Amino acid sequence: MKYFFSAGEASGDIHAAQVIRSLREHDPEAEITFLGGDEMAAATGHAPLIHYRRMAYMGFIDVARHLPQVLGNLATAKKAIAAMRPDAVVLVDYPGFNLKLAEYAHSLGIPVHYYIAPKLWAWKEYRIKKLRKYVDRIYSILPFEPEWFGERGVKVEYVGNPSVEEVDAALKGLPSREEFNRIYGLDRRPILALVPGSRIGEIKANLPVMDAVARRHPEMQAVVAGAPSISPEVYRQYTSLPVVHATTLQLMSYARAALVTSGTASLESALAGAPQVVCYRAVGWKWAHDLFMHILKIPYCSLPNLITGRIDRQARDEVNREAVKSGVRGWIIPEMLVHNCTPDTVDAQLAPLLGDTPQREAQLEGYRQVRQRLATTRSAAATVARRIAGKE
């Protein structure tokens, strides 16, 4: 059979590669064309039609600046689908681009599978009309999503969370901390992991804050987690701290604590057992924060907080009211967002996590709850592969 995959960023590349490997177990002769990255290339044995480095634009301004390239990527993908006529189109997250491919594939009568349901419960709920109309099967990696989508007339299946198996696989057979230090030229101080995101805009906004906080803790060995698609020179613009590339999960597993830009990395840090503060700077204006929270329909931004709590706006209002009364946030992980993401505010949340404190133990207990809620009996990638191959 023939398959067309589309993943527009680093995390999607990893998740899609796992599905492709499982798919080949059911269909060894599978012909796969894809938009993605190095992980998918390793799984298929050939280069992508378009590498996600040419696709990973986020936000209105970033997309507008690169609009000719975005439109060119879309045209290239559509042309490939029309020429290939695959038995299935498999879309992985990245909804702004992928929903356009869903509409096109549907117009050609090609079955459309969507792995990692778009987070419409957070914003842009209007996109649900396209999901309902153009997508045949939707696979969720968050346990609260099937109910939310079901209430809106869209059937979504929870298949488990791929980060659980990916983190566990990455942490098997780890080198000793001494060997890790030797490989990357680190010293013996406890590690503070800085994870500033996988996009240049995120790094530019968040790494300077993380660097400033790290320098307040000379007793810690601060190390930056470099994204595989980002050149080392990018990091050198914002920090002189050591940068290790393509070993983020290992770094988190050794870390005493972490500063993490909101996204998949916050869940990975939880699964790796590194207490964390979530940071998301973007711009530092209070009105931007207020607008951001008005647009969002959810009480939190980080995945561990969402997985263990409620996701509606009423819940956020209740959390905020209790916070005003008690001064205690209703979260597992502290989230320092927009104008609240400053060296002072981030450090105030980080400092208690560095010692053997109630705050640290509460976060680690929250991590145990996260694992419990994500648990399934079968691999997410294996389940999705069977569905795509028509085995279930």
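The structure is a predicted model, in which local features need pLDDT of at least 70 and side-chain atom pairs count only at pLDDT 80 or more, while totals for chains, interfaces and linings use all residues. Residues are numbered from 1 along each chain as its sequence is written, and side-chain values use heavy atoms, with hydrogens and water left out.

Aromatic pairs come first. Rings of Phe, Tyr and Trp (for Trp, its six-membered ring) were paired if their centres lie within 6.5 Å, with planes under 30 degrees apart counted as stacked, over 60 as edge-to-face and the rest as tilted. Across the whole structure, the search returned five aromatic pairs. One of them joins tryptophan 148 to phenylalanine 149 in an edge-to-face arrangement, with 5.0 Å between centres and 85° between the planes. For burial, a residue is buried under 20% relative accessible area, exposed over 50% and partly exposed in between (1.4 Å probe, protein chains only). Tryptophan 148 is buried at 10% relative accessibility, and phenylalanine 149 is buried at 0%.

Phenylalanine 180 and tyrosine 254 make a tilted pair, 4.7 Å centre to centre with 40° between the planes. Helices (H or I, at least four residues) and strands (E, at least two) are DSSP runs numbered from the N terminus. Phenylalanine 180 sits in helix 9 (residues 177-184) and tyrosine 254 in helix 12 (residues 248-254), so this pair ties together parts 74 residues apart in sequence. Phenylalanine 180 is buried, at 1% relative accessibility, as is tyrosine 254, at 17%. Ring pairs also bring Tyr184 into a cluster with Phe180 and Tyr254.

Turning to charged side chains, a salt bridge was taken as a side-chain nitrogen of Lys or Arg within 4 Å of a carboxyl oxygen of Asp or Glu. This rule gives 16 salt bridges. One of them connects glutamate 157 with arginine 387, whose closest N and O atoms are 2.4 Å apart. This pair links distant parts of the chain, 230 residues apart: glutamate 157 belongs to strand 7 (residues 157-158) and arginine 387 to helix 19 (residues 380-388). Glutamate 157 is partly exposed at 23% relative accessibility, whereas arginine 387 is buried at 12%.

Glutamate 179 is partly exposed at 30%, and arginine 182 is exposed at 57%. Finally, a network of salt bridges links Glu9, Arg199 and Glu202.
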